[in-house]
Amino acid sequence: MTAKRILLVEDEYLVGLDIQSILTDAGFDVSEPAMNIGAALDLIKNNKFDAAVLDVNLGGQSSEEIAARLTDLRIPFILLTGYGRENLPPEVVDATVVEKPFDEQKLIETIRNLSLA
Amino acid sequence: MARYLNHHDWSAIWPGAPVHWPQELRISTSLCLELSLPAALFWGSDFRMIFNDAWAAQTGGKPEENGKPAREVFADRWESIRPHLEQVLSTGKVKHLENLHYTLHPLRGSDDRVSGILILAADTVRHNGNGEERLAEVFKQAPSFMCILKGPDHVFERVNDLYRQLAGNRQILGKPLAEALPDTEDQGIKSLLDKVYETGETFTATDFRITLQRNAGMPAEERFLDFTYQPLRESGGTINGIFVQGIDQTGRKRTELLLLEQKRLLELIASGNPLEKILEELCQAVPRLNRQARSSILITGKKHRSFSRFTSPDRMTSFGERFKGLSTGDPASGTCGEAVTLGRPVSCPNIAEDTRYSEEWRNLCLAHGIKACHSKPITDMDGQPIGSFMLCFDQPGNPDKWEYRLAEFGTHIAGIAIEQNRIGSALREGEERFRTMVESATEYAIFTLDPEGRIDSWNTGAGRLLGWSEEEVIGRSGEIIFHGDDGEPAEKAKEEILLAHKNGSASDERPHVRKDGSRFWASGMMMSMQDDQGKVTGFVKILQDQTERKQREERDKYVITLSDTLRPLSDPAEILNEAARVLARHLDISRVNYGEISDDGAWVRVTAEYREDVPSILGRHQIDDYGPTLMNIFRDGHTLVIPDVTTDERLTEQERITQTGIATYAYVIVPLVKKGRPVAFFVAHQSAPRTWTKSEVSLIEETAGRTWAAVEQTRAEEALRVQEEQLRRIFQNAPIPIIIHADDGEVLQINNTWMDLTGYTMEDASVFKTWLSQAYGIGRNIFKDSIKHLFTNGQKIWSDDFNILTRKGEKRIWNFSASSPGTLHDGRRFIVGMALDITGRKQAEYTQRLLLGELNHRVKNTLATIQSIATQTLRQTTNPEDFVDSFNGRIRALSAAHTLLTRSGREGAYVGETLRRQLALRDNETDRVDYSGPAVFLASQPALHLALVIHELGTNARKYGALASPKGRVGVDWKLETAQGQSILKLTWSETGGPEVKPPEKTGFGRKLIEQSLKGVGGEAVLMFKPPGLQCSITLPIKKNRSEP
């Protein structure tokens, strides 16, 4: 079985690096962290992903546009946010959320649950 | 036909009315018309014709043929009829026309010549009778009484029905007159008959008065007869009898007499004769009208329960007297009492045998020769019995028709007389009452003037009002009461008389004068008195004292003037001065002042004045100076009236001196009391002694009161105005927007703040709806509903937040509160709305919330970063010491960056300080780093990332690079470039003097961090491992940060 392709969108390089390490160790094929909306959309355009980990705030910009694109492509995603669910944009309020700072195991399980579904 | 006769104008046929026809014609005509047999009468040379109804029915004769000559009536057979008529005329004998069943009877006139022919048609039933029988029938039925007396003793040979009736149906046939009618003996009948018998001359009597016993056993009756005694002759011409024929004219005659008496009595009444005389005359008229009757009149008293007066002339006086004071219900009052009680006539045909009434009454009547009586009540206009008219008879018997008429006549006349008397006495009483009234009307002067204007009567009221006694004034001219103020009295008096003369009355209102010369105001009326012919017999003058009314009017006028003067004034001082002026002018006062009393009552301050030729007293005065009187007045609060300062005992010597010193010789002072304490006063000073009248004093008091009220009102208004002005200012300048709007949607007012904040003016928002749609947009309906709710439910306070748009389109948040509705003077309701502009607060709240969220985010992100740093650092290090160093270093770098960022609340940091803070960690390294670049402000995120990159570069330099050797140096240069409208920071990190640089074999965490971490903020870092020293080129886009200092 081939490893699931995971799109990682995280503007905080250190955090993105960390998540990439965790998910790669967990057996996922993880993209380089996309640190802004343009980079993320480029990745989506040129690759096929099974799931995505999406930071809500990308350098002050909301990642809802990326979420919308993912929804269109029926790519499941989890939102990674320090804001808490109550501060999510309305479009993604029902999405699966993992709050920062995160628990490694929980993050891995959530991704697994997503891609299994 | 008889009726026709009465209505036909017979004068064309026979001259004169039927009553003036020759006796024979009259009798014949009557006879003809009354007959039940067909009969016709031919009269005169041309045989003019009259016929009766039976004739007309039998022959077809027409009514209009009556009175026409027989030749015309019977034109077609005149020649056959004529010989018969002429034969009867010439022979004087009855002629039978057997074939025609007619009998022609010659009729003889007083000259014994045949002057007419009576034609009788044969009765269809008794047509076989001869002529004599027919004539006998005619005789019998004739409408006049007839008899034939034979011989010198006048033996009744034949009598007809009427004659028999006249004679009282006595058996008279075959009896001589004296025996047959003994009651005629003394009445001259026989001598008249004797004379006719002797002389052969026909005797004719008119209205012959005769008394006849018409009924057996009944009293004789008076009759009036018209009759003819006509001698009857044998064929030889010798007189052998007398034909008596006549008409009983009693009815007509009595009526005539009655009318005559009635006329006479009415004249007596009309000419104002006393009641007694009229009633006496009435009683005396009765025997003249009926010889057998006497009369008595009884009149009841006021309540009609007893008799109070009587009239019974001659021998009846003692009779009537007995009834005086007798109750109408008393049996002793007899028929009269009963008649009054029952209200209808009562007869007593035989007093001697009557038991209805008392014996006393019976005896009384009988004693006066009264055998029978008839009483009929006399009634007033309303039919109320007021007396009784009594007919008394000498003989027993019921009254006949004539006597009933007499009773009717008597009560009628008596009723009129009594009524007239009552009216007369009422008039006299009225006159008397009027006199009393005039005398007792002492409030009015009533007097009369003769046609020349001289006083001829003078009542008590006139004496009182004008001061003249009756004795003094009678005969003097009426002009003495006219005052000279408005014209010469004589002229005025004349004028008034002329006017009254011309119009019947003249009224006026003018000053009059009393005997003592004093003037008073009175309204008067003069009326002319006229006699029946319209001639003026004098004048009545009625005068009423109007002084009080006049004074009241003048006072009212003054008060109106005062009010009119004061009303437009708003300055208290002006009001006081004007009031003083108006009062002084009106009452001719030398000086009028207004002053106020100090709280401690020691001082007065005179503030208003009007004066004429006297010194001013304006200013402050010590009350003590004016003496105890003034102080007492002020304490009591009563008006003080001083007519003469120099003599008034209430004043002290000191007071006299002080007051005369300011030219005050008389005064009236009115204290004005407020809350039980005199606070001011109004004073009228006169420069000479003056008798202040009651009305003057009350006028001064009135003026004081009104002026005070006006001043108080003005002050209150001023206070109100000031208060209003303050409120208005508060409203206008209150730092919160205020709107006042009415329930009909009109915006009454908006304040300055409202306008400033919204940018709208009163004109923009004159109607609430406009304001709503402008300011609230789509939210207006919610607001409108709330306001509506407020108006309808009268909720106390309502408050809510609303977004409004200013005129410029700016969005503001208002916390709008409204009071419960009030009511305007015009009945509309209004609401005062106020708003708190909470836009700033709301924004702050929003910012706060954002900041909190951001802080939360940053903390969490930071933690996530730390978490990552920890994980990554752990992955790269092999022993715990290294990990602690690396990790602590990185955490410190992060902390330092945060410190810098959060310091002084800036949302970022300058490039230079970020570099220095990251690299100045150790003292000995400071000099080995060169910084060069402009001041560039970085937002927090780029600054944070740059700080971490620099930290990694610094750590690497210290461990392996330029700073690891003592001579190595680091240069950091940066500059700001602009590309495609964006500022870009270009920073170059160059190491020199360190150990030779080799590219690393593997990419560690530090290198990844340097090379990758800036991508998140749009930047990049490129590492160049050059042998002389490491170089790093960093590019970072700079966003204009709002909070850059």
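In which type of crossing, left-handed or right-handed, does helix 19 of chain B pass helix 23 of chain B? The crossing of helix 19 of chain B with helix 23 of chain B is right-handed, the term for a near helix turned clockwise from the far one by less than a right angle. The model is predicted, with local features requiring pLDDT of at least 70 and side-chain atom pairs pLDDT 80 or more, while totals for chains, interfaces and linings use all residues. Residues are numbered from 1 along each chain as its sequence is written, and chains are lettered from A in the order in which they are written.

Helix 19 (residues 547–566) and helix 23 (residues 694–733) of chain B pack at about 25 degrees, with 11 Å between their axes; helices are DSSP runs of H or I with at least four residues, numbered from the N terminus. Axes are lines fitted to C-alpha atoms, for helices over the stretch in contact, and angles run from 0 to 180 degrees between N-to-C directions. The two helices are therefore roughly parallel, a term for angles under 35 degrees. Residues in this contact include Tyr558(B) and Leu562(B) of helix 19 and Leu699(B) and Arg706(B) of helix 23, contact meaning C-beta atoms, placed from the backbone, within 7 Å. The contact comprises six nonpolar, four polar and three charged residues. Ala, Val, Leu, Ile, Met, Phe, Trp, Tyr, Cys and Pro count as nonpolar, Asp, Glu, Lys and Arg as charged, and the others, Gly among them, as polar.

An open sheet of five strands in chain B has the order 34-36-37-39-38 and mixed pairing. Strands are DSSP runs of E with at least two residues, and two strands pair if DSSP finds at least two bridges between them. Strand 34 (929–932) and strand 38 (1020–1026) of chain B form the edges, and the twist averages 15 degrees from one strand to the next. Strand 34 of chain B runs parallel to strand 36 (residues 969–979) of chain B, joined to it by four bridges. Opposite Asp930(B) stands Gly971(B) of strand 36. Helix 29 of chain B lies across strand 34, strand 36 and strand 37 (982–992) of chain B, at about 170 degrees to strand 34.

At the interface, 23 residues of chain B are in contact with 17 residues of chain A. Helix 27 of chain B supplies the largest share of the chain B side, 14 residues. By class, that side has five nonpolar, 14 polar and four charged residues.

Technical notes:
Contact = placed C-beta atoms within 7 Å. Parallel < 35°, antiparallel > 145°, perpendicular 65-115°, else oblique.
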